[in-house]
Amino acid sequence: MRSTRTTVLLTAGLVTLLGLPGTASAADGPASLYVDNRDGANCSDTGSGTQAAPFCTVSAAAKAVQPGQTVRIKPGRTYDEAVTVDRSGEPGKPITFLADSVNGYPATELSKSLTISGASHVVVRGLGVIGGLQVKHSTDVELDRLDIRKGRLVSAVVGEESADVRFSRSRLRGVRIEGGSRGTVLSRNEITGSAQAAAAVVDAPGTVVTNNTFFGGCATTLSLSGGSTGASLFNNLLYTDHYAPCQSPDPRHGMAVSQSAASDTRADYNLIAGHPEVALVPYSWSGTAYGTPAAFRAATGQGAHDILTPSYEGVGPKDGSPTIDSADPTAPGALSTDFDGLPNADDPRVANTGKDGGYLDRGAHETQDTLSYVLLNVEQAWAPIGTTVTAQAATDSIWAAGVTFRYDFGDGTAPVVTKAGTAQHVYKTPCDCVVKVTAINGIGVEVAAEKPVKAAPAGPLAAGFTADPVVPTSDNPMSHILPLTLRINPQAASVTPWEIHDVSVDFGDGTFDRRDHLDSGFDHAYAQPGEYKVTLTLRDAKDAVSTVTRTVRADYTASGYVPTTPFRVLDTRTSRTPVQGGTPAPVVLPVGYTVPDHVLSGSMAVAVLNVTVTEATEDTHLSVWPAGQPRPTTSNVNIKAGGTASNTVTVPVGADGKVQAQLNAGRASLIVDFVGYYQPNTGQRFSPIAPTRVVDTRSTGGALGGGQTRTVKVAGVGGIPADATAVALNLTSTGTTTPTHVIAYPDPAKRPATSNLNPEPGQDKSNQAIVPVGPNGTITLYNNAGSTDLVLDAVGYYGKDGKALFTPAVPTRLADTRTTGKLAPGATTTVAGIPANALGAVVNVTATETTAPGFLTVYGYGGTLPGASSLNTRPGANIPNHVTTPASGGRINITNSWGGSNHVITDLLGYFTQG
């Protein structure tokens with residue numbers, strides 16, 4: 001049976017064992033002094049002992065400490081010194097030496113002895129002492145949580161008329177109390193003997209020995225002699241055969257009280273454990289030996305509740321031990337916490353046989369429950385309102401009868417508190433709630449668990465879903481959110497009175513997904529933009545089925561631009577795998593960690609590439625498009641047999657993180673350089689400008705020779721702000737003396753192994769480039785061989801004050817003059833079909849069937865014809881170029897120069913909108 005916890009009777013001063021004493025600050029100093037001998041601790045024994053400048057030794061602090069001060073010793077250290085404490089505190093203002101324990105055990109050691117001499121009102125807590133401890137001529141000394149050793153000798157001695165010395169929760173290798181010491185208390189200690197008694201009390205009246213665990217050696221385990229009258233020996237556990245290699249065949253003794261010490265000495269509620277192979281004399285009282293508690297009780301009146309066991313088996317802080325709940329909680333020196341600092345606990349399975357029905361255990365340790373977790377199961381965790389919901393809890397408690405459960409059903413109703421492992425509840429209004437159960441054992445240890453529950457509206461099952469774009473929010477390389485991803489969320493729109501056991505989705509593009517539960521969404525990446533019929537089917541716990549079909553639209557999301565220093569991602573000349581006409585070649589983009597030396601965002605949506613075709617076996621053209629989509633009817637690069645041609649390509653990332661490239665016919669080498677990428681919620685906005693000439697080497701600086709570089713300013717000129725991060729340029733070569741290649745790059749000290757333009761003699765060639773801005777608003781141009789003049793026309797910039805985001809489009813033909821008639825010299829054609837709200841457009845413009853050399857200029861509808869070119873034309877060649885241009889009202893203008901007439905083909909790749 002349980003009983004109300006009995007008030008513990010303590011000798012004077014024992015209340016301080018439950019924590020640090022309540023002390024006032026020292027009158028002439030701070031509340032704490034510090035000791036720290038670590039390297040770098042800036043310690044000094046001549047300083048003030050502050051935390052910033054601690055003492056190096058405990059001895060220095062012991063000489064400086066004042067009443068009411070605490071010496072805080074840095075834990076986890078060894079202090080190689082013998083320490084003497086000879087200063088005193090005052091009543092209610094002790095001097096305290098504190099070293100914090102780790103996992104309940106001292107983590108700080110004195111390698112030599114600790115002596116308390118002529119001192120009073122002293123507290124020492126948490127120290128290990130290797131060289132032993134001695135207390136002499138001292139009063140009111142508390143020694144708590146110590147670990148005291150001295151080889152095989154007695155480790156702790158209290159003597160020379162000391163008074164009120166209290167050992168608690170400490171590990172002692174033999175203790176001796178002597179020399180007229182009075183009122184010494186041993187409580188909740190582990191005390192080990194060897195060839196000598198574990199505890200010897202000699203001429204020390206009023207000694208209290210309560211709730212200790214003794215490990216006896218070859219001599220008497222607990223011995224009182226001389227004038228040690230008036231002792232109290234209660235609640236102790238005495239293992240009498242701990243030290244096995246004894247040479248003497250004499251019996252082991254448990255408790256021995258000499259005739260001179262027996263006066264007013266009391267003993268009860270002790271347990272003496274023997275060994276079946278070792279002779280034992282459990283009691284010797286006033287010179288007479290007693291072999292059983294009954295004989296001892298009958299002769300002396302002591303030990304009325306003592307227990308003698310023939311072996312150690314099953315005795316101690318373990319399940320089923322006779323020590324459990326059988327001690328006297330009112331004994332002098334009894335504490336409310338045990339050796340480990342754990343509270344006294346009532347095992348509900350064991351009858352309380354202690355005094356007055358108390359439940360204190362014998363020995364230093366209190367047996368505890370093993371409550372570490374609680375499991376929770378909820379029946380009908382998803383059901384319509386009005387359904388009875390049952391919560392079931394189970395713990396690992398071995399004292400299950402002593403556990404109380406508190407069930408909170410999460411809807412604002414009062415918790416259910418019960419001893420039962422189940423509780424029921426009826427939800428009256430719909431809610432997505434959390435059921436929480438808290439298990440509390442008899443000593444107040446709490447563990448908790450929780451489970452979500454859904455109280456749904458009553459009614460039939462009705463499937464529904466929302467469909468929303470999923471876009472990246474960062475440039476994390478570990479995240480992989482593909483363009484055209486939609487989240488089909490059945491949880492947001494379905495009516496589900498009972499738990500869903502089957503969810504299936506037909507995404508309308510020939511793919512399916514299925515789950516056995518309802519959650520927040522199915523993320524699905526479509527291969528190409530467009531409308532899709534999505535069908536959702538739900539089946540619930542009652543086998544009801546509901547299906548819904550809706551048309552959803554997958555579109556590209558407007559994105560910012562992230563420029564990068566150009567780098568090569570493919571060169572079939574080095575891999576010796578030329579591309580073949582009619583066969584798509586995959587191009588792996590540097591998504592996330594795909595290219596180890598260039599880690600970029602894992603969720604880029606659109607790649608900007610410089611694509612070069614060379615060594616073509618016949619006249620042909622190359623198309624580039626997102627992997628997973630049909631090959632478009634448009635082209636990106638036109639090449640003549642044996643020639644080299646390049647063009648910038650802006651292409652969405654495919655469903656597998658790749659793009660495809662395919663020749664129309666023949667065979668050629670393919671070179672792909674990565675320039676930058678677009679991604680939602682990342683990068684810079686773009687501002688288009690009318691084509692503006694920023695560099696023309698024909699009038700400034702002269703042609704660029706082979707192997708030469710020239711750094712030119714592009715930011716802060718020509719309407720481009722000084723803080724632009726990248727510039728979109730049309731790069732044109734003229735007057736070229738030998739086939740070569742030209743590179744435009746940001747840092748003059750770091751030239752990449754890429755190219756932007758492939759000039760040839762006798763041909764004016766153009767290509768658009770997006771170049772990050774380098775130091776002081778510049779970019780650097782490099783010519784590989786021969787000499788060539790270069791013309792740079794700016795068409796826009798990226799930066800923090802940019803206006804527009806880019807949205808890619810499936811390549812779409814906007815106009816083709818082959819169906820309407822050639823564009824004559826000096827004539828202008830207007831191309832429509834761009835979204836009306838677009839500020840700019842990215843188009844691929846191709847000139848074909850040209851009658852004489854010239855150039856085309858692309859610019860915003862309604863704008864003034866600029867003095868710059870977008871691509872250079874020549875007879876007998878199909879010339880494409882990637883063009884970024886302002887747009888107005890969904891239209892752009894294309895003007896032919898003074899040269900010959902041309903057919904002009906315009907393909908839309910994407911557009912810029914303000915948002």
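The questions and answers below concern a predicted model.

Trainee: How many disulfides does the structure hold?

Mentor: One link is formed by C43 and C56, with the sulfur atoms 2.1 Å apart. Another is formed by C431 and C433, where the sulfur atoms are 2.0 Å apart. Sulfur atoms within 2.5 Å are taken as a disulfide. The number of disulfides is two.

Trainee: Is the link of C431 and C433 right-handed or left-handed?

Mentor: For comparison of the two links, C43 and C56 have 95 degrees about the S-S bond, and that link is right-handed. For C431 and C433 the angle about the S-S bond is -130 degrees, and the link is left-handed.

Trainee: Is C43 buried, partly exposed or exposed?

Mentor: C43 lies in the loop between β1 (32–35) and α1, as does C56, 13 residues apart. Buried requires a relative accessible area under 20% and exposed requires over 50%. Because its relative accessible area is 26%, C43 is partly exposed.

Trainee: Which residues have the most contacts inside the largest nonpolar core?

Mentor: In soluble globular proteins, nonpolar side chains tend to be buried together. The largest nonpolar core here has 60 residues, and helix α1 (residues 58–64) gives the most to this core, with four residues. L143 is in contact with residues beyond four places in sequence that include I116, V124, L133, V135 and F167. The residues with the most contacts inside the core are L143 and F167.

Trainee: Which backbone nitrogen does the side chain of S162 reach?

Mentor: S162 lies in the loop between β15 (156–159) and β16 (163–168), and at 0% relative accessibility it counts as buried. Beyond four places in sequence, S162 is in contact with V135, K136, H137, S138, G180, S181 and R182. At 3.0 Å, the side chain of S162 reaches the backbone nitrogen of H137.

Trainee: Why is strand β70 largely enclosed by the rest of the structure, and how many of its residues are buried?

Mentor: In a regular strand the side chains alternate between the two faces of the sheet. In β70, I879, N881, V883 and T885 on one side are buried, and so are P880, H882, T884 and P886 on the other. Strand β70 (residues 879–886) is largely enclosed because the number of its eight residues that are buried is eight.

Trainee: What is the bridge partner of N844 in β70?

Mentor: Strand β67 (residues 838–848) pairs with β70 in the antiparallel sense, over eight bridges. In β70, the bridge partner of N844 is H882.

Trainee: Which side chains are joined to that of T895 by polar contacts?

Mentor: T895 is found in strand β71 (residues 892–896), and it is buried, with a relative accessible area of 7%. Beyond four places in sequence, T895 is in contact with residues including L823, G826, F855 and L865. Another, of 2.9 Å, joins the side chain of T895 to that of Y859.

Technical notes
Residues numbered from 1 in each chain as written. Predicted model: local features only at pLDDT ≥ 70, side-chain atom pairs only at ≥ 80, totals over all residues. Heavy atoms only, no water. Helix = DSSP H or I, 4+ residues; strand = E, 2+ residues; numbered from the N terminus. Buried < 20%, exposed > 50% of the residue type's maximum accessible area, 1.4 Å probe, protein only. Polar contact = N/O pair within 3.5 Å; in protein donor to acceptor, adjacent residues only side chain to side chain. Contact = heavy atoms within 4.5 Å. Core = buried A, V, L, I, M, F, W, Y, C linked by side-chain atoms within 4.5 Å. Pairing = 2+ DSSP bridges.
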